[in-house]
Amino acid sequence: MDIASAFGMSEIALQLLVGLSRAMILFIISAGLSLILGVLRVPNVAHGSLYMIGAFAAYSVNQIVGGAAGFWLSLILAPLFVALVSFVAERVLFCHLYEREHLMLLLFTFALMLIFGDLVKFFWGVDYKSVTAPDMLKGSVMIFGLPFPAYNLFLLIIGPVVGFALWLFVSKTRIGKISKAASVDRMMVGALGINVSWVFCTAFVIGCFLAGLGGALIAPTMGITLGMDHTIIMEAFLIVVIGGLGNIWGALVGALIFGVTQSIGVMLLPQFAIIFPYLAVVIVLMIWPKGLLKSVW
Amino acid sequence: MFKGMIHKNTAFFLAALFVVFLFLPKIIPSYYVYFIASVLVMALLAMSLNLVVGFGGLFQFHHGVFYGVGAYAIALLVKKTPIPEWICFILSPFVAALAGLIIGLICIRLSKLYFAMIQISLGSLLWALAFRWYGFTGGDDGIHGIPMPSMISGVNNSYYFILIVFVVCIVALFMILKSPFGSTLQAARDNEQRCEAIGVFVKRHQLFAIVIASFFAGIAGVLFVVLERSVFPDLLFWTLSLEILIMCLLGGWFTFAGPIIGAAIMLSLRTFIGIQTEYWTLILAVILALLIFFLPEGVWGYFQEKLKHRKEAVTERGQ
Amino acid sequence: MLYVDNLINSFGDFRAVNGANLTVEEGEIVAVIGPNGAGKTTLFNLITGHLKPDSGRISFKGEEIGGLPPYTICRKGIARSFQLLNIFQRMTVFENVQVAVLSQHNRSMNIFRPARNMMIEETNHILESVGLLDKADEISGSLSHGDQKILEIAIALGNEPDFLILDEPTAGMSPEETNATMRLVKRLTSEQGLTLLFCEHDIDIVFSAADRIMVMQLGETIVEGTPQEVRENEQVQKAYIGGESCLK
């Protein structure tokens, strides 16, 4: 089937733009996961739950404040709330477990995921929640002569902004540099007399902040519901792995692959669109078994 | 055949236990019979996983897929083909083993987390197929009311069938674990490099272990259908795979019977706490977290250690 | 029997082995010496297939084996022990050796027979010859360091090798254990007609045990010859020993 003739070039371009904007959210979440994987070596399954908490928290902020102000405020407060939760979790639980094997850590974070899931159920209930975007992000913008949702355009802008901020953090700040060094050689950093524990904590909290931000950003685009953590965490893990574990730019590449293959899937076989990203992951890993970009593991 | 492999008293105890299980349906209400049957199914699944994870040391993170494939295979074979039911029963585990072979061939080149991830993506692919292919698999509704031979219909009959298959399977798994293949597999788990240096093609061993484990997972899937008479895409979803990993952890990775205990604990929580409170997963998760903190060898593993220490103490005193 | 010619292997920019040459004739005891980081272990890993050479040749019994996987090379009759402890920690001493024996007899894929009834005599024979028979049922991870090193050798013997490679067989042992181990190794090689290639830190041991010695430095073979020749070589004196005396 000739895709171009079936859809028209502009529709394809539009569909790809939608894929890219979805990739931006995936990137923000996966970058956080990748940071934690790289610096702490913790395969944090609870990352998806933090994303879910971010979305629910954004809903609550919107309920309390309301209007456009509520939306913008939720983009700041929800991730901060998630960061706070993760800070407590790190100091109370994780910091005692860093030396355990990966399988144990993974199952431990899975236990946390179950706990977070039940806590969300307890505080927010089982009903669908929704958040409306402010007026300026509602409706559509004309691109290639076709309407393109304004909110997706907003995501396309915010993704690179977050990426840039993260790059600034990792390469310009002292703690960022230390955490980068720690991801390559932990012993070395410890030997330099740096308090590794706090470096880990900072990296963990920032990673989780990103998960919360992802949740807050996705809130206006879909129903906020229990179980939204299950799909996202698996996708985030796959993205991080095909990009290269612990490599933040790898998360970007992986997210783009994920988003774009999904929109290609939507065009080719709408019913089976969700299969395409998985297929892409399998193909990437068969050719590059350690991911596309350099992994720190 | 078992000479010297298990202690005489243990053998006697197990035989007595089997007899008790045979008479259970006469004594307890059918709800509990159903419950025990479902524990047996899960226990078999968890044990098949433990062959690969506990004794093979592989990051088999999406074992649930083979269970799901076994279940879907029997459902589709019975519903959509004229093949006699009993032949479907035999074919289905082989379908699961074939899935294990294909997925295993793709995964085995990678190690650790990468192995886990490519397996999760392959499994998710199958899940997505089952989830969306309404025409063939019934999509997210699944397939219900799968006809079963009358011999194994009804709670009691299916219980007997499951019990017998379960016993045969654990005997087979036990034999495999104690065979040269089993000890070589454990050697490769302890030290892959060393194992290659003594002339073992480790990857081939691990692949074979995956195939065997998926065969038994497929049997568990068939038993699930015998009990429930329906299949749905959740059987292939990754959370189930993590749940069975947790069963292995609860019971103990390095023990043979651990996963049975793990499955029993988990399903008891779900069934008996689940009717009390909707927050049963919270309790499970707290137990799990405590376990990882304090008993990483699992419940059964912990007791085995204790027993061993006591035995050693006794022999030392004897000397 | 074993012939290594101009072997090169690098990790990234670092050439761990940079032009190693070695000849081992049947029945000989050959030692490789050199300072830490000279590439001895890398050389052994290249011979046994745990690493693939970038260039150069390795031939064993006239057959090219460079780049073959370890399990294939093992089947050709080369067995080895490792410098760092490399045993099957969770298994018993008996099982550790049995696994090697089973593998040697192509039984390791068998799922239909209980392993505990197989190859008992062969395994016990090996355990007896190294003196671990009385500890056969202990979990290997709980043995003393010295016994674990001996077990390493026993596992290697399980493959009925013609050619045995020992990577620092006495590392971490007390002087008495070291002497006992070296006596054991010499006895085994002569009893079973093995060819032995080993590396060792203790110079005295090397010079008393080896028929010939190869000296490596910075990945390169600087000299190969009898102990006498090596002792008299000026380059060795300068490079390895740092001057005079130690090689009396």
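Modeller: First a term: a polar contact is a pair of N or O atoms within 3.5 Å; within protein, one must be able to donate a hydrogen and the other to accept it, and residues adjacent in sequence count only if both atoms are side-chain atoms. This is a predicted model, where local features need pLDDT of at least 70, side-chain atom pairs count only at pLDDT 80 or more, and totals for chains, interfaces and linings use all residues. Residues are numbered from 1 along each chain as its sequence is written, chains are lettered from A and ligands numbered from 1 in the order written, and side-chain values use heavy atoms, leaving out hydrogens and water.

Colleague: OK, how far is the backbone oxygen of Ile29(A) from a polar atom of the side chain of His47(A)?

Modeller: 3.0 Å.

Colleague: And is His47(A) buried or exposed?

Modeller: His47(A) is buried, because its relative accessibility is 0% (buried is under 20% relative accessible area, exposed over 50%, partly exposed in between; 1.4 Å probe, protein chains only).

Colleague: Switching topic: which residues line the largest cavity?

Modeller: Among them are Ile233(A), Phe237(A), Phe61(B) and Trp238(B). A cavity here is a set of points on a 1 Å grid over the protein atoms alone where a 1.4 Å probe fits but cannot get out, and lining residues have an atom within 4 Å of a point.

Colleague: What's its volume?

Modeller: The largest cavity has about 120 Å³, with volume being the space filled by probe spheres set on the points, which are joined across faces, edges and corners.

Colleague: And the second largest cavity, how much space?

Modeller: About 50 Å³. Its lining includes Asn50(B) and Phe256(B).

Terms used
1 Å grid on protein atoms, 1.4 Å probe; cavity = no way out; pocket = protein on both sides within 12 Å on 5 of 7 lines; lining within 4 Å.
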